[in-house]
Amino acid sequence: MSEERNGQIDKSSIKLEDMSNEYKGGVPRKTNFDDLKDKFVEDSSEFKRPSNAKSTAKTKTYSNYYSVDVKGVLLKILAGLLVLLVIYIIMYFSIAAGRRDVEEKISKVLLAPNTSTQTDLSNSTAGDGISDADKIELGISYFLIDSDKDGLSDAYEINVSKTDPSKSDSDVDAIPDGLELMLGLDPLSKMSDGITEDNALIVEKTFTAGNATLNVNNKATSMNIYFDVLNNNSIKGQLGVIGEVYEVYSDSAISGTTLSFNLTGDDIRAADIAPESIAIVRFDNDTHKFIPLETNINTEDNTISAEITENGVYSLSNSNIIGKDYATQILFLIDNSGSMYPEELCKGSERE
């Protein structure tokens with residue numbers, strides 16, 4: 001115990017156990033430090049986690065998160081694939097339908113297709129009388145009329161020309177089978193005349209469309225030409241254009257080609273212009289202008305012609321106004337005769 005000296009506590013006499021006393025309700029109680037230490041360790045153990053508890057919790061949380069996310073991604077991917085599949089199916093059948101139309105047009109231009117004697121079309125997807133099973137066996141398309149795109153229908157090649165419906169050039173002379181037949185050559189022989197190879201022959205062919213004629217004198221390999229009326233009102237409606245416009249296209253160099261028109265055609269008569277004012281022009285897609293060609297007029301057979309050397313759109317024109325700049329003129333007329341007013345408003349008016 002501490003002692004009082006002159007009314008003050010002698011701090012030097014305070015014992016360690018006195019400093020460890022707690023006062024509760026004025027009654028001192030001695031505290032055991034060892035007990036407190038054990039108690040603290042015991043209580044704090046409740047807050048301890050196993051060494052791997054934190055990583056386990058995170059692993060579980062991330063696992064759950066990625067599990068849900070992966071499912072969502074998979075669903076989105078599946079939905080996208082289904083959409084792509086639908087688009088592919090639509091495009092596949094659309095292209096197939098388009099190919100049929102193209103092949104029919106080409107076959108009509110080159111040669112009358114489908115002279116097959118078969119009439120049962122129930123098992124023919126292409127509708128050409130050749131069954132799907134036979135086409136598959138031959139290695140050709142069962143939904144196209146002309147599988148090799150040579151201008152001849154599969155049925156014609158199988159039953160008439162005896163050419164290979166899976167190859168566009170049966171005799172491998174760089175001339176498609178349909179073109180050879182159109183030129184009067186043998187699609188099964190590289191030398192139709194037995195002397196000169198077909199791909200070295202110079203042949204002549206005339207194409208006709210509307211009021212125009214295209215005469216071609218060129219190598220047989222360069223005769224794959226498209227010539228027809230072009231339904232383009234933007235070009236046809238240009239000031240100075242007479243009648244229809246025509247498209248010429250070849251996959252080879254154009255040479256020895258003459259485009260001619262009949263001067264007695266309805267289009268020229270309707271234009272009511274002198275023949276010397278008529279010229280053949282080519283429409284330039286780059287400049288959107290008409291380029292006049294050197295034109296020849298034959299009064300004996302009433303034709304007008306010009307040599308052409310490139311693919312393009314051609315037409316007849318009024319050379320006096322084609323390609324010229326023009327402006328709309330507006331005329332205002334003021335009638336001060338009084339004829340538009342009744343008699344009571346304008347004396348002498350003819351209107352009652």
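I started in strand S14, where Val313 is the bridge partner of Glu247. My note on terms: strands (E, at least two residues) and helices (H or I, at least four) are DSSP runs, numbered from the N terminus, and two strands pair if DSSP finds at least two bridges between them.

**Ground rules**

This is a predicted model, so I kept in mind that local features need pLDDT of at least 70, that side-chain atom pairs count only at pLDDT 80 or more, and that totals for chains, interfaces and linings use all residues. Residues are numbered from 1 along each chain as its sequence is written, and side-chain values use heavy atoms, with hydrogens and water left out.

**Sheet with S14**

I looked at how S14 (residues 312-318) meets S8 and found 6 bridges, with the two strands antiparallel. Both belong to an open sheet of 5 strands, ordered S7-S8-S14-S10-S11 with antiparallel pairing. S7 and strand S11 (289-292) are its edge strands, each pairing on one side only. The twist from one strand to the next averages 30 degrees; for such angles, axes are lines fitted to C-alpha atoms (for helices over the stretch in contact), and the range is 0 to 180 degrees between N-to-C directions.

Next I checked the rings. Rings of Phe, Tyr and Trp (its six-membered ring) pair if their centres lie within 6.5 Å, and planes under 30 degrees apart count as stacked, over 60 as edge-to-face, the rest as tilted. I get 3 aromatic pairs by this rule. One of them is stacked, because the rings of Phe227 and Tyr246 have centres 5.9 Å apart and planes at 20 degrees. Phe227 sits in strand S7 (residues 225-230) and Tyr246 in strand S8 (residues 241-250), so I logged the pair as a link between distant parts of the chain, 19 residues apart. Phe227 and Tyr246 are both buried (under 20% relative accessible area; exposed is over 50%, partly exposed in between, with a 1.4 Å probe and protein chains only). Together with Phe261 they make one aromatic cluster.

**The other sheet**

I then turned to an open sheet of 5 strands in the order S5-S6-S9-S13-S12, with antiparallel pairing. Its edge strands are strand S5 (202-209) and strand S12 (296-298), each pairing on one side only. Neighbouring strands here are turned by 20 degrees against each other on average, direction ignored.

At one end, S5 pairs with strand S6 (residues 212-219) in the antiparallel sense over 8 bridges. I picked out Lys205, whose bridge partner in S6 is Val216. The hairpin of S5 and S6 has 2 residues between the strands, and in it Gly210 takes a positive phi near 55 degrees.

At the other end, 3 bridges join S12 to strand S13 (residues 303-308), and the two run antiparallel. Asn298 stands opposite Thr303 in S13. Asn302, in the loop between S12 and S13, has a positive phi of about 55 degrees although it is not a glycine. I put Asn302 down as partly exposed because its relative accessible area is 33%.

**Around H5**

Which residues of helix H5 (residues 154-161) are buried? I list Asp154, Ala155, Tyr156, Glu157 and Ser161. Their cover includes helix H4 (132-138) and helix H6 (177-182). Lys162 follows H5 with a positive phi, near 60 degrees.

Thr163 counts as buried because its relative accessible area is 4%. Its side chain makes a polar contact of 2.6 Å with that of Glu157 and another of 2.7 Å with that of Ser161. A polar contact is a pair of N or O atoms within 3.5 Å; within protein, one must be able to donate a hydrogen and the other to accept it, and residues adjacent in sequence count only if both atoms are side-chain atoms. Leaving out residues up to four places away in sequence, Thr163 touches Leu152, Glu157, Ser170, Asp177, Pro187 and Leu188 (contact means heavy atoms within 4.5 Å).

Val172 is in the loop between H5 and H6 too. Its phi is near 55 degrees, positive in a residue other than glycine. I noted Val172 as exposed, since its relative accessible area is 60%.

**Whole chain**

Of its 352 residues, 30% count as buried.
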